[in-house]
Amino acid sequence: IGTQANYEDLTDVFDLDAYIDYVILETFIANEDWAQNNNNWVCCWSDVRNVPIRYVVWDADMSIREDDRNELSLTGGPMQFHAKLKGSAEYKLRFADRIHRFFYNDGLLTPTSISNRYAKLAARVRPMVFAESARWGAYQWDNWDEINHYSADPTPKAKYDMAAWDAEYTRLTATWFPKRCETYLGYVASAGLYPTLGAAEFKVSANRTATLEVPDDAKAYYTVDGSDPRVMFASSPAPTAMEYVGGEIAVPEEACVLKARAYQSGTWSALSEVEFKRALGPMNRFIPTTNGENWDDDANWDWGYAPNGPGETASIEPPTEVKSDKKNWRNIHINSNDVTVGFVEVANGGWTNRIDTGDFGGNLIFDGGTNETGKAVDATFTVTDAAGPGLTMIDLDPPNVVRLESDTTFCVSNTAGAFDCGG
């Protein structure tokens with residue numbers, strides 16, 4: 001893998017980013033029954049479906065215990081590839097890119113991010129743990145007091161009650177997560193898997209511009225099309241890269257990913273990136289009056305025509321008057337014709353906004369259209385509770401469907417659902 005040809009051959013059959021993520025996760029959680037025993041690992045692939053080799057986590061219950069355990073030098077099981085690959089400068093920089101993505105700038109493995117996700121999951125699981133601990137907390141023999149279990153009085157001594165649960169929760173959120181993140185990054189650096197040159201970091205402003213913070217005495221190169229600013233197996237910047245000379249970076253109006261690296265004396269930093277959604281100007285606002293709540297009625301829209309076409313926009317705001325109906329339903333009817341729309345924003349405001357195909361309705365089609373260069377643009381459907389909690393639903397009556405003519409992102413602020421609609 002020291003040559004570009006061999007490296008590229010490897011990545012054709014081996015999902016390298018997925019493998020690096022797998023290695024990071026297993027070594028970060030300090031799995032004690034894994035590569036060191038050539039145990040508890042699974043990989044999969046498909047020649048028929050052209051799916052490259054990928055490793056998946058399996059049976060990782062003996063983990064998140066020791067916060068100072070270093071497993072980056074393991075060579076057994078799945079780690080045999082890492083042991084060989086880390087001899088490649090390309091692999092090490094790619095590893096650093098994934099480390100930067102997860103451990104910096106509020107990434108998934110920063111202490112606050114982990115603790116917040118864990119707290120949300122724990123809050124959902126805790127009521128079930130209470131019931132389980134009441135019934136089974138001291139049932140299995142290894143849950144008993146192991147000394148008294150073999151004594152003349154083998155009475156179970158419950159260990160796994162809610163006090164044990166709460167103690168473990170506190171240990172993880174207050175101690176393990178923060179300490180492990182710092183310790184693990186130290187192990188990564190010591191293994192030569194993260195460059196000494198700091199990354200060029202994006203700082204994003206509210207007016208859709210960005211700047212870069214660049215390490216002292218270093219240059220920075222960036223792209224706005226999602227490509228890497230460097231050329232693989234070379235010290236030169238990519239043809240699409242621009243040198244950062246200070247000031248604001250103009251961000252394209254279309255959806256895009258900005259990427260940047262610092263460069264100094266032949267050394268590239270880890271990759272920084274920031275994603276921007278498509279910039280939306282004023283949107284066509286739904287303003288039903290006495291004409292009913294039909295989507296295809298031009299009079300119900302602020303711009304004087306009903307949005308229906310690739311890239312069209314629709315803003316559905318809370319109504320100005322409250323119905324007598326206790327449910328406050330708003331039914332936006334899609335009648336016999338199909339409706340195509342690219343960008344929809346719904347603000348609930350305590351209402352139930354139902355986009356309803358009806359008994360004879362048409363299909364609802366999402367299509368972001370194309371930009372000025374002919375490139376396909378992703379569609380978006382965004383729901384917020386900024387104007388008050390509510391419910392938004394797309395109600396389909398067979399044979400009508402939602403059809404995606406372009407990649408579509410659905411963004412919701414609350415996925416809990418509503419009790420009167422099945423959750």
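Predicted model: local features only at pLDDT ≥ 70, side-chain atom pairs only at ≥ 80, totals over all residues.

Q: What share of the protein chain counts as buried?
A: Of its 423 residues, 40% are buried. Buried means under 20% relative accessible area, exposed over 50%, partly exposed in between (1.4 Å probe, protein chains only).

Q: On to packing. At what angle do helix 2 and helix 7 pack?
A: About 125°, with the axes 11 Å apart. Helix 2 covers residues 16-28 and helix 7 covers residues 162-190. Axes are lines fitted to C-alpha atoms, for helices over the stretch in contact, and angles run from 0 to 180 degrees between N-to-C directions.

Q: What does that make helix 2 and helix 7 relative to each other?
A: Oblique, therefore. Angles under 35 degrees count as roughly parallel, over 145 as roughly antiparallel, 65 to 115 as roughly perpendicular and the rest as oblique.

Q: Is the crossing of helix 2 and helix 7 left-handed or right-handed?
A: Right-handed. A crossing is left-handed if the near helix is turned anticlockwise from the far one by less than a right angle, and right-handed if clockwise.

Q: Which residues make the contact of helix 2 and helix 7?
A: Helix 2 uses Val23, Ile24, Thr27 and Phe28. Helix 7 brings Trp176, Arg180, Cys181 and Tyr184. By class, the contact of helix 2 with helix 7 has 6 nonpolar residues, 1 polar and 1 charged. Ala, Val, Leu, Ile, Met, Phe, Trp, Tyr, Cys and Pro count as nonpolar, Asp, Glu, Lys and Arg as charged, and the others, Gly among them, as polar.

Q: How do helix 2 and helix 4 pack?
A: At about 60°, axes 10 Å apart, with helix 4 running over residues 89-103. Helix 2 and helix 4 are therefore oblique to each other. Their crossing is right-handed.

Q: Which residues of helix 2 and helix 4 meet?
A: On helix 2, Leu16, Asp17, Tyr19, Ile20, Asp21, Val23, Ile24 and Phe28. On helix 4, Tyr91, Arg94, Phe95, Arg98, Ile99, Phe102 and Phe103. The contact of helix 2 with helix 4 counts 11 nonpolar residues, 4 charged and no polar.

Q: Single residues now. Which non-glycines have a positive phi?
A: Ala30 is one, at about 60°. Ala30 sits in the loop between helix 2 and strand 1 (41-46), and at 0% relative accessibility it counts as buried. Asp59 is another, at about 55°. Asp59 is in the loop between strand 2 (51-57) and helix 3 (79-85). With 40% relative accessibility, Asp59 counts as partly exposed.

Q: Where is Thr313, and is it buried or exposed?
A: Thr313 is in strand 11 (residues 313-316). At 9% relative accessibility, it counts as buried. A polar atom of the Thr313 side chain is 3.2 Å from the backbone nitrogen of Asn284. Beyond four places in sequence, Thr313 touches residues including Trp303, Pro307, Val341 and Phe343.

Q: What about Thr173?
A: Thr173 is in helix 7. Its side chain has a polar atom 2.8 Å from the backbone oxygen of Tyr169. Leaving aside neighbours within four places, Thr173 contacts Ser115, Tyr118 and Pro178.

Q: And Tyr104?
A: Tyr104 is in the loop between helix 4 and helix 5 (111-136). Its relative accessibility of 28% counts as partly exposed. Tyr104 and Ser272 are 168 residues apart in sequence, but 9.4 Å apart C-alpha to C-alpha.

Q: Last one: where does Ala200 lie?
A: In the loop between helix 7 and strand 3 (201-204). Ala200 is at 0% relative accessibility and counts as buried. Among its contacts beyond four places in sequence are Leu212, Pro215, Ala260 and Ser272.

Notes. Residues numbered from 1 in each chain as written. Heavy atoms only, no water. Helix = DSSP H or I, 4+ residues; strand = E, 2+ residues; numbered from the N terminus. Contact = heavy atoms within 4.5 Å. Polar contact = N/O pair within 3.5 Å; in protein donor to acceptor, adjacent residues only side chain to side chain.
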